[in-house]
Amino acid sequence: MKYNGSMLALVVVLLVCMVQVVGVAAETNLVVNGSFEEEWTVVSADTPEKLRTVGWTANVLHHDELGPAPDKVDGRSALRMVSTTRRNAQFLNSVSIAVDGGKTYKFSYWLYMKDGITSIAVVNNTAGAFIRETQMRHFADDYMPGEWQYFEFVFTLPETCEAIRVSLSQSPLTENERTEYYLDDVRIVQLD
Ligand SMILES: [Ca+2]
């Protein structure tokens with residue numbers, strides 16, 4: 001059978017589609033609602049400044065304001081967080097993410113620190129421990145007003161790890177430090 005021009009073009013189109021599908025699959029973001037684009041709802045009528053959204057579990061005792069912000073790097077909205085809680089308190093966690101032990105992943109996000117100090121990390125839920133390579137403290141003093149900064153961390157999980165989560169915490173350094181920041185495009189992708 002001889003290929004004519006249109007058949008050749010069809011084969012090329014199919015091959016391009018296959019490459020694109022493979023590329024998208026490799027970049028699947030494991031963080032549910034990592035870009036904070038899903039709907040937000042009020043937790044309680046008494047505290048309209050505290051909202052919640054799918055994919056994330058907030059501790060309402062550990063933040064003063066939580067909700068969407070139009071200042072973003074991806075999509076329509078970002079997360080805005082304000083907290084004056086005690087040091088090291090975790091104010092927001094992603095839902096648990098099933099993973100393959102022994103595999104390598106990339107954790108990335110965009111952050112604008114407006115006030116205070118905060119900690120962002122990935123937690124090994126199976127071991128109940130922070131994954132050291134992903135732990136980072138962020139200081140508002142390192143940011144120009146309105147400046148978003150990008151961070152990424154590559155880490156390999158222990159063979160025993162079955163689940164992880166993203167953990168957002170108050171400053172580990174100062175009691176009652178006021179922290180305010182914007183966060184967007186939180187991603188965890190498997191690399192191997
Ligand atoms: Ca977004």
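## A loop, a sheet and a core

Asparagine 33 sits in the loop between α1 (5–26) and β1 (40–42). Helices (H or I, at least four residues) and strands (E, at least two) are DSSP runs, numbered from the N terminus. This is a predicted model, in which local features need pLDDT of at least 70, side-chain atom pairs count only at pLDDT 80 or more, and totals for chains, interfaces and linings use all residues. Residues are numbered from 1 along each chain as its sequence is written.

- Most residues other than glycine have a negative phi.
- Asparagine 33 is not a glycine, yet its phi is positive, at about 55 degrees.
- Asparagine 33 is partly exposed, with 17 other C-beta atoms within 10 Å; a residue is buried with 20 or more such neighbours within 10 Å, exposed with 12 or fewer, and partly exposed in between, with C-beta atoms placed from the backbone.
- Phenylalanine 36 is found in the loop between α1 and β1 too, and its phi is a positive value near 55 degrees.
- Phenylalanine 36 counts as buried, with 26 C-beta neighbours inside 10 Å.

**The five-stranded sheet**

- Five strands form an open sheet in the order β4-β5-β14-β8-β12, with antiparallel pairing; two strands pair if DSSP finds at least two bridges between them.
- The edges are β4 (65–69) and β12 (149–156), each of which pairs on one side only.
- From one strand to the next, the twist averages 30 degrees, an angle between N-to-C directions (from 0 to 180 degrees) of axes that are lines fitted to C-alpha atoms.
- Strand β5 (residues 78–83) runs antiparallel to strand β14 (residues 179–190), joined by five bridges.
- In that pairing, serine 83 stands opposite threonine 179 and valine 82 stands opposite glutamate 180.
- β8 and β14 are also antiparallel, over nine bridges, and here aspartate 115 stands opposite glutamate 180.
- β14 is mostly covered, as nine of its twelve residues are buried.

**The largest nonpolar core**

- A nonpolar core is a set of buried Ala, Val, Leu, Ile, Met, Phe, Trp, Tyr and Cys residues joined through C-beta atoms within 7 Å.
- The largest one has 30 residues, and Met81, Val122, Tyr181 and Leu183 touch the most other members.
- Elements giving two or more residues to this core are β5, β6 (90–94), β8 (104–115), β9 (117–124), β13 (163–170) and β14, and β8 gives the most, with six residues.
- Leaving aside neighbours within four places in sequence, valine 122 is in contact (C-beta atoms, placed from the backbone, within 7 Å) with Phe107, Ile131, Thr134, Phe155, Ile164 and Val166.

How values were computed. Two residues are in contact if their C-beta atoms, placed from the backbone, lie within 7 Å.
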